[in-house]
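Colleague: I have a model open on my screen and would like to learn how to read it. Could you take me through it feature by feature?

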Amino acid sequence: MVSRIKDKASRPATLADVARIAGVVAMTASRAINGTGYVSEDVRKRVLKAARQLNYSPNVPARQLKGRRLNAIGILLPDIANPFSTELVNGVKQVFDEVGYATFIATTSRSADQEKASLQAFTDHRVDGLIVATRGTKIGDAVLKRTAQQGIPMVTIGRPVQLAGVDSVTGDHAQGAYDIVKHLLSLGHTRIGFIGISPEDGYTLRRYGGYLAALREADIEPLSKYTVGPPGAPAFATQEDGYQGMICLAALRKPPTAVFARNDFAAIGALRAAHTLGLSVPKDIAIAGFDNIPLSAFTTPPLTTADQSILEQGVTAARFLLDRITGRRSGARSMASMRCTLIIRESTDPHSTMGAIKVS
């Protein structure tokens with residue numbers, strides 16, 4: 001039983017794990033391990049045995065055990081490979097480095113279980129506050145609610161949640177996607193595909209909502225066959241998703257003449273697939289992405305995309321959180337929504353330049 005829990009979690013054991021194995025509550029396990037408060041000898045032995053089996057180590061400064069926090073915050077990200085994560089962390093650190101706070105980072109790798117474990121680890125280690133930039137799920141939102149109820153200040157990025165006292169910061173993804181599709185429509189495209197999510201999961205993605213809104217405004221009925229992507233609403237779309245999506249769309253009897261990819265990674269995969277298929281971009285197929293990662297300006301051809309001011313979102317979220325931690329803000333939640341900027345490059349418009357046309 002013990003080894004199964006360790007394998008499944010793929011993370012260091014927490015006090016909650018020890019308590020579960022020993023058949024006690026976390027507070028009792030803490031008393032047994034730290035020698036504070038009374039526990040029976042039988043319970044103490046069970047807890048210490050479970051701790052040994054799980055190789056559990058508190059590894060927490062002594063001041064934490066006295067109830068003080070660490071002058072540290074936790075940042076929960078979907079992954080660290082995406083430049084979005086790097087830019088976001090840079091924005092957060094701009095604020096917290098100035099006031100002497102450490103930043104700890106955890107990633108979920110698209111796993112709701114890993115998200116739950118990471119939030120529990122941050123809670124166990126008594127961080128002063130949390131910034132959560134993962135994609136919303138029912139399980140994850142329930143965990144966020146429980147975490148917020150413990151009084152830990154929290155700000156979400158790109159994930160608006162209706163929780164009292166939990167501030168949120170986001171780019172206006174629906175507006176950014178709408179602007180991209182309107183741009184493609186203005187070039188004469190009426191068959192526009194979407195790569196990065198399955199039709200069944202599309203309702204969970206604001207970028208997909210913006211795509212649908214622009215088509216319907218133009219009296220174009222969206223076709224489900226023009227939406228391709230992995231099922232299960234993953235946290236982000238990969239280059240492989242973009243490559244496979246472009247292959248699927250190109251194989252249709254009447255393929256789209258333009259493609260909007262959920263993010264720049266998927267768009268880069270779609271560019272590669274178009275090249276493999278011998279398609280000219282944008283002559284045979286126009287391709288647009290989202291996020292304006294640094295690489296997007298240097299693909300062949302340079303990629304049309306939407307910039308969502310990632311650094312600014314990180315700075316704003318950090319300031320919200322610092323105000324909560326220091327008590328300068330309390331009570332009702334605050335939300336900041338930042339407009340995305342359309343950046344037109346040669347992957348959709350052959351007459352644009354490498355410097356890009358920014359449309360606010």
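**Reading the fold**

Modeller: Gladly, and let's start with a helix pair. The axes of helix H11 (residues 239-250) and helix H12 (residues 264-276) come within 6 Å and cross at roughly 45 degrees. Keep in mind that this is a predicted model.

Colleague: What do I need to describe two packed helices?

Modeller: Two packed helices are described by the angle between their axes and the distance between the axes. Here, an angle of roughly 45 degrees makes H11 and H12 oblique to each other. The crossing of H11 past H12 is right-handed.

Colleague: Which residues make the contact between H11 and H12?

Modeller: H11 contributes Gln239, Gly242, Tyr243, Met246 and Ile247. From H12 come Phe265, Ala266, Gly269, Ala270, Arg272, Ala273, Ala274 and Thr276. Sorted by class, this contact has eight nonpolar, four polar and one charged residues.

Colleague: Let's turn to the sheets. In what order do the six strands of the open sheet run?

Modeller: The order is S2-S1-S3-S4-S5-S11, and the pairing is parallel. To find the edges, look for strands that pair on one side only: these are strand S2 (102-107) and strand S11 (335-338). On average, neighbouring strands in this sheet are turned by 15 degrees against each other, direction ignored.

Colleague: How many bridges join S5 to S11?

Modeller: Four bridges join strand S5 (residues 167-171) to S11, and the two run parallel.

Colleague: Which face of S11 is covered, and which is uncovered?

Modeller: Ala336 and Met338 form the covered face of S11, while Met335 and Ser337 lie on the uncovered one. Compare strand S3 (129-132), where both faces are covered. Gly129 and Ile131 are buried on one side of S3, and Leu130 and Val132 are buried on the other.

Colleague: What are the pairings of S3 with S1 and S4?

Modeller: S1 and S3 pair in the parallel sense over four bridges, and three bridges join S3 to S4, also in parallel. Val132 is a handy landmark: Leu76 has Val132 as its bridge partner in S3, and Val132 stands opposite Thr156 in S4.

Colleague: Which strands does helix H6 lie across?

Modeller: Helix H6 (residues 83-98) lies across strand S1 (72-77), S2, S3 and strand S4 (154-157). With S1, H6 makes an angle of about 165 degrees.

Colleague: And Ser118, is that buried or exposed?

Modeller: Ser118 sits in helix H7 (residues 112-124). With a relative accessible area of 7%, Ser118 is buried. Leaving aside residues up to four places away in sequence, Ser118 touches Leu76, Ala106 and Thr107.

Colleague: What is the strand order in the open sheet of four strands?

Modeller: That sheet reads S7-S6-S8-S9, with parallel pairing. Strand S7 (227-228) and S9 each have a single partner strand, so one side of each is left without a neighbour in the sheet. Two bridges join strand S6 (residues 192-195) to S7 in parallel, and Ile195 has Val228 as its bridge partner in S7.

Colleague: Which helices pack on this sheet?

Modeller: Helix H9 (residues 173-186) packs there, touching S6, strand S8 (258-261) and S9, with its direction at about 170 degrees to that of S8. H12 packs on the sheet too, touching S6, S8 and S9, and its direction makes about 160 degrees with that of S9.

Colleague: What comes in the loop between H12 and strand S9 (286-288)?

Modeller: Lys283 is found in that loop. Its relative accessible area is 73%, so Lys283 is exposed. The C-alpha atoms of Lys283 and Asp349 are separated by 9.0 Å, although these residues are 66 apart along the chain.

Colleague: Finally, how many helices and strands does the protein chain have?

Modeller: The protein chain has 13 helices and 13 strands, and 51% of its 360 residues count as buried.

How values were computed. Residues are numbered from 1 along each chain as its sequence is written. This is a predicted model: local features need pLDDT of at least 70, side-chain atom pairs count only at pLDDT 80 or more; totals for chains, interfaces and linings use all residues. Side-chain values use heavy atoms; hydrogens and water are left out. Axes are lines fitted to C-alpha atoms, for helices over the stretch in contact, and angles run from 0 to 180 degrees between N-to-C directions. Angles under 35 degrees count as roughly parallel, over 145 as roughly antiparallel, 65 to 115 as roughly perpendicular and the rest as oblique. A crossing is left-handed if the near helix is turned anticlockwise from the far one by less than a right angle, and right-handed if clockwise. Contact means heavy atoms within 4.5 Å. Ala, Val, Leu, Ile, Met, Phe, Trp, Tyr, Cys and Pro count as nonpolar, Asp, Glu, Lys and Arg as charged, and the others, Gly among them, as polar. Two strands pair if DSSP finds at least two bridges between them. Buried means under 20% relative accessible area, exposed over 50%, partly exposed in between (1.4 Å probe, protein chains only).
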